[in-house]
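Please keep the sequence and the structure in view while reading.

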Amino acid sequence: MTAIRPRTPSELRRGRRPRAHSCWDHLYAAPLWPLHGANLGTLARTCDAVGACLALPRFPWVPEALARGNTLRRPPCVHWTGDPLGWLARQRERGAHVVGVELADEAIRLADLPAARQRTVMVLGHEQHGIPPEALDLLDSCVEIPMVGTGASLNVAVAGSLALYRLAGLL
């Protein structure tokens with residue numbers, strides 16, 4: 001039996017990017033209607049891990065919540081918007097594939113979600129109400145995360161992290 005040896009921090013660093021990105025402009029996590037600030041820090045960490053940017057609304061409390069929850073040494077790549085619906089429409093006009101994480105009849109299972117092969121925006125809704133009806137019309141597709149427990153859905157940060165890893169081709 002071979003002994004398991006964890007990689008050292010310097011070994012891990014050598015296998016990663018030499019510096020943080022400013023903007024890869026390929027994959028975005030877009031929690032455009034957040035309720036809980038704690039989720040933003042978790043999503044920022046996941047965005048860094050998979051090479052994605054974060055798109056956030058300009059709600060007065062969001063910058064402070066993001067700063068408080070950011071456990072990275074550098075600030076994450078954030079694209080701010082004062083108009084979430086307009087921002088989503090502009091992303092589609094620029095050719096982005098817009099994927100919503102939502103429980104919907106047309107949703108595909110997370111395991112069947114292909115890795116992003118083009119500019120992709122992953123939309124996350126409000127923690128209690130989901131993606132607003134007017135934003136559903138701006139989605140190209142929906143993905144759902146199957147559950148066998150009694151809860152209706154996962155926490156936004158957890159659901160977003162799972163979908164981001166899948167879209168990045170890392171799962």
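Apart from neighbours within four places in sequence, L164 is in contact (heavy atoms within 4.5 Å) with L27, Y28, A29, T46, C47, V50, A52 and M122. The model is predicted, so local features need pLDDT of at least 70 and side-chain atom pairs count only at pLDDT 80 or more, while totals for chains, interfaces and linings use all residues. Residues are numbered from 1 along each chain as its sequence is written, and side-chain values use heavy atoms, with hydrogens and water left out.

L164, L54, V101 and M122 have the most contacts inside the largest nonpolar core, which has 28 residues. Such a core is a set of buried Ala, Val, Leu, Ile, Met, Phe, Trp, Tyr and Cys residues joined through side-chain atoms within 4.5 Å; buried means under 20% relative accessible area, exposed over 50%, and partly exposed in between (1.4 Å probe, protein chains only). The elements that each supply at least two residues of this core include β1 (27–31), β4 (97–101) and α6. Its largest share, six residues, comes from α6. A second, separate core of 19 residues includes A30, L88, V121 and A135. In soluble globular proteins, nonpolar side chains tend to be buried together.

T81 lies in strand β3 (residues 78–81); strands are DSSP runs (E, at least two residues) and helices likewise (H or I, at least four), numbered from the N terminus. T81 counts as buried because its relative accessible area is 3%. Its side chain reaches the backbone nitrogen of D83 at 3.0 Å.

By contrast, L171, in the segment after α6 (156–167), is exposed because its relative accessibility is 56%.

How values were computed
Polar contact = N/O pair within 3.5 Å; in protein donor to acceptor, adjacent residues only side chain to side chain.
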